[in-house]
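Please take a moment to look over the sequence and the model together. The paragraphs that follow lead from the chain as a whole to its sheet, its helices and a single residue.

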Amino acid sequence: MRRFIISFNDGDMKFPMDELPQVAEESHAVVREAKAAGVWLFGGGFFEDKPVVVNEKGEVTPGPIKESDVRLGGFSVIDVEDELQAYFWAQKIARSCRCDQEVREMILDPEATN
């Protein structure tokens, strides 16, 4: 099996706010479907864009590490056979979230994964 992260940028989800309950339900339905299929590992979104940076001395300063217009808005990590299956789930997520999804394969490090 191979692991993929499927993600979108903060601000990419564009829809009228009165559709939020429907968008949330459709997104949760995809998560439930992925769990039932045995491919869902974890995922989520972020409350606010206020990252902090922690250095090797443990000092905490306001982030991000480097200024950028691009900020991660949400992500899903799945475990599937190949990239075609990852694209299949990315399409479902894109449809439910109302925005394009970026797909990246993760390095399977036996020291860092289950």
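What percentage of the 114 residues in the chain is buried? In this predicted model, buried residues make up 25% of the chain. Taken along the principal axes, the box that the C-alpha atoms fill is roughly 45 × 45 × 20 Å. Of the contacts in the chain with a separation of 6 or more, 79% are between residues 24 or more positions apart.

Four strands form an open sheet, and their order across it is E2-E5-E1-E6, with antiparallel pairing. Strand E2, residues 40-45, and strand E6, residues 102-105, stand at the edges with a single partner strand each, and so one side of each is left without a neighbour in the sheet. On average, and with direction ignored, neighbouring strands of this sheet are turned by 15 degrees against each other.

Strand E5, which covers residues 72-80, is joined to E2 by five bridges, and the two run antiparallel. One of the pairings to look for is that of Gly-43, whose bridge partner in E5 is Ser-76. E5 also pairs with E1 in the antiparallel sense, here over eight bridges, and in E5 it is Phe-75 that stands opposite Ser-7. Because eight of the nine residues of E5 are buried, this strand is largely enclosed by the rest of the structure.

Helix H2, made of residues 83-97, lies across strand E1 (2-9), E5 and E6, and runs at about 25 degrees to E1. Two packed helices are described by the angle between their axes and the distance between the axes. For helix H1, residues 20-37, and H2, the axes come within 8 Å and cross at roughly 160 degrees. An angle over 145 degrees counts as roughly antiparallel, and H1 and H2 are therefore roughly antiparallel to each other. The crossing in which H1 passes H2 is right-handed.

Which residues meet where H1 and H2 are in contact? From H1 come Val-23, Glu-26, Ser-27, Val-30, Glu-33, Ala-34 and Ala-37, and from H2 come Trp-89, Lys-92, Ile-93, Arg-95, Ser-96 and Cys-97.

Ser-76 is found in strand E5, where it is the bridge partner of Gly-43. Is Ser-76 buried or exposed? Its relative accessible area is 8%, and since buried means under 20%, Ser-76 is buried. Leaving aside its neighbours within four places in sequence, Ser-76 is in contact with Phe-4, Ile-5, Ile-6, Trp-40, Phe-42, Gly-43 and Ile-93. Among these, Ile-93 is also one of the H2 residues that meet H1.

Notes:
Residues numbered from 1 in each chain as written. Predicted model: local features only at pLDDT ≥ 70, side-chain atom pairs only at ≥ 80, totals over all residues. Heavy atoms only, no water. Pairing = 2+ DSSP bridges. Axes fitted to C-alpha atoms, helices over the stretch in contact; angles between N-to-C directions. Contact = heavy atoms within 4.5 Å. Parallel < 35°, antiparallel > 145°, perpendicular 65-115°, else oblique. Left-handed = near helix turned anticlockwise from the far one by under 90°. Buried < 20%, exposed > 50% of the residue type's maximum accessible area, 1.4 Å probe, protein only.
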